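Below are some notes for a colleague who has the model open. Please read each point against the coordinates.

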Amino acid sequence: MGGGCEILLAGLGKKDAKKLAAHGIKEVSRIEQKYSRYRPDSAVSRINASAGTDWCECDDETRALLDYSDALYRSSAGLFDVTSGVLRRAWNFDKAEVPSQEALLPLLKLVGWRRVERRESAVRLPEEGMQLDFGGIGKEYAADAAAEVLADHGALHGYVNLAGDIRIIGPKPDGEPWTIGIRDPRNSGGMIASIPVASGAIATSGDYERFFELEGRRYCHILNPVTGFPVTFWRSVSVLAPLATTAGSVTTITMLLEAEGLHYLKDSGFMFLAVDQAGKVHYNH
Amino acid sequence: MMIMYGLSGCSSVQPWEKQNLAKPEMTFEGDRLDTGYTEHIYSSKEASSGGAGVGGGGCGCN
Amino acid sequence: MEYVPIKSSNRKSRVVGALFASAAMLLPSAKNAMADAAPEQGIVSMKYLNYHDSQKGDTDLTAGMSKDRMTVNALSFMGMVPIAGKWSVAATFIEDSVTGASPAYHGSGFPANTSSGASGDLRHAGDLNVTRYFSRGTLTLGTSYSQESDYKSLGCSLNGTLSTESKNTTFSLGAAYNNDTIDLSRPNVVDSKKSDTPGKKRVVSGLFGVTQVMSQNDIMQMTVTLTDGDGYYSDPYKNPDVRPGKRRMFTFMSRWNHHFDGPNGTARLSYRYYTDTFGIKAHTFDAEYVQLLPKGWEITPSLRYYSQGAADFYVPVGDAEFADPTHFTPPPAGAKHYSEDQRLSAFGAFSYGIKVSKDLGRSWLADVKYEHCEQRYNWGINGKGDPGIPTFNMSAIQVGLSRKF
């Protein structure tokens, strides 16, 4: 999951909380395993393995996820592309090397959501080597799904926090909002803001999660699907929205839109806080 | 004009496909000072002038 | 922040579909974010020009006519500032100084005093443009002026663009008005044209164009320009030279840019057809190739071919002038309009050029360009040229520096 995961429940005894939390943990694990690229038996791996050959039947959940991927592609003018995961093969964040055009070009040829074929409840990747990667959606979806499972089992106060993507189940037992800190993108221990949130969700995308720096330039893990290169305009973007899925998508799309991301954030109507590469903080109230 | 309308029906380039079209060398603007000098030189040594735009300074090269 | 409630009946499949549907409904669209907008950055740049031309008597008929002619040194500045995302203001200023002279007729008759020729000594020119950006178009208001010792021009223009929803098609419409004043009282004005009343010229022009995206790597533009001019068109320093008091011009220009993904280069091609009421027709073919190289270098070689026909009233070099170049050929008896200005004769010209630029980092850019052009009477495809006109050569070097902010 790429970070600490916690489920915080308040207003009930320790034993009950542990039992309740287990439902949430079970739901997060289920989703993580179902959509993990690294597990050969996951739904995503089955689809990826059939690239260039047969159609793959999907259940309702996967189908909804694919519909959502399509909505994201259209909403972001094509920059949020769930087939762009293959580009990560060219970028090794442990080695601090910028890949050459020869390394990127064959991978860029495998990127293109528009080419993914869909039929009713089946999906097919037309070319061998193409891959679906729900890494940009999965975590936030899991936070929403777990929060809802917990709410269904009677949870009233608490939140689900998956590596910085948080979905609130309910405010503190006394009705007060939770205080969520937003990490300083350049100072790993520090916070740049503390936001009171009583409901809904908050998500953050940043260039500090996985990156390397070379000759004064930072290369982060969010890659533009057309150029194959990391985005550079924003250091971090945080958004408050009713659902973690939406909040997380808006932050990622803002990072991908780079300079135009500010108009996108303002148009969204959501509360946001974004830090650009000069360190300037943009926000609305 | 007719030719262009016929051809435009064939392609509909989506916003996410316009990365190359946005490059400066793919626009028709170009280096203003360079074009300024070049057009002034040619129009003062040839009989024809203009074509790309209206509104530049008048030329004293009668 | 409202919490979107999900009903717990029939949970599994309903929740999933509903969750993603709600999430999708809340997504803003990036399309609005990509409306026509002022550029993100402003730019300031300067450019120096050194221009030199000469004629070469390299045929039997023009032997002995070789001569250096004119040299120009110029410096220009440009600045563009975006304002509030919806406006931009751009201004240009240029100063050039001219030394040397042009012939009074054909390739002969250079004035004895070579420092003041047909183009004046020092010229200043500038323009200011204000652009407003709308969601699918732009509107630009411009003013310009140009001032030399013997000539002044003032102009204003209005240009607008309008794009379709997809921005794949853009229409342009423009109009401009220019008012010129020519001083006819200076010492080196031909006696018969001297006057204390300055010559005046009014020129109105209109443009209509379409820019069309043809593919991810192709974009094309076609433009038609009509110009109507009224006033003083003769050249005060040339003799014999009496030109019509009206001139209407028609220009059709088409341009095509093609991007090559493999080498990451762009070919830029253009063709222009020109015709006017002086009887002149001309074709211009331009081709350049922009090649991006590593480390921020960019190289652009270019080629140009130009051909023009002669004006109806152009008087070519006659036998008597071939024998003795100090006497110009008299115009035909009874001719209302006549000129022996080589710029109105039929000729063809080939140019080649190369431009190199480098991104110096921290938003600085430097560029150098060299271009050379040769005009010959027998290189044109618009009718017979005048063999009495010597070959004409011009070359220019530009050096520029710019910074984005």
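1. In helix α7 of chain A, the buried residues are A:G261, A:L262, A:Y264, A:L265 and A:S268, where buried means that 20 or more other C-beta atoms, placed from the backbone, lie within 10 Å of the residue's own, 12 or fewer being exposed and anything in between partly exposed. Seen down the axis of α7(A), these buried residues fall within an arc of 160°, so they line one face of the helix; the arc is that of the directions from the helix axis to the C-beta atoms. Just after α7(A), A:G269 adopts a positive phi of about 80°.

2. This is a predicted model, in which local features need pLDDT of at least 70 and side-chain atom pairs count only at pLDDT 80 or more, while totals for chains, interfaces and linings use all residues. Residues are numbered from 1 along each chain as its sequence is written, and chains are lettered from A in the order in which they are written. Helices (H or I, at least four residues) and strands (E, at least two) are DSSP runs, numbered from the N terminus.

3. The axes of α6 (residues 244–257) and α7 (residues 261–268) of chain A come within 8 Å and cross at roughly 150°, the axes being lines fitted to C-alpha atoms over the stretch in contact, with angles from 0 to 180 degrees between N-to-C directions. The helices α6(A) and α7(A) are therefore roughly antiparallel to each other, a term for angles over 145 degrees. On the α6(A) side A:V250, A:I253, A:T254, A:M255 and A:L257 meet A:G261, A:Y264, A:L265 and A:S268 of α7(A), contact requiring C-beta atoms, placed from the backbone, within 7 Å.

4. Between chains B and C, 36 residues of chain B are in contact with 76 residues of chain C. On the side of chain B that touches chain C, α1 (2–8) and α2 (32–45) of chain B each supply at least two residues, and the largest share, 7 residues, comes from α2(B).

5. Chain B calls for some caution: its mean pLDDT (the predictor's confidence in each residue, from 0 to 100) is 75, and 63% of its residues reach 70 or more. Over residues 5–10 of chain B the pLDDT is below 50, and beyond near neighbours in sequence this stretch has 3 contacts in the model. Where pLDDT is low, the predicted coordinates should not be read in detail.

6. C:R304 lies in strand β14 (residues 297–308) of chain C and, with 19 C-beta neighbours inside 10 Å, counts as partly exposed. Leaving aside neighbours within four places in sequence, C:R304 is in contact with C:F285, C:D286 and C:S351.

Terms used. Contact = placed C-beta atoms within 7 Å. Parallel < 35°, antiparallel > 145°, perpendicular 65-115°, else oblique.
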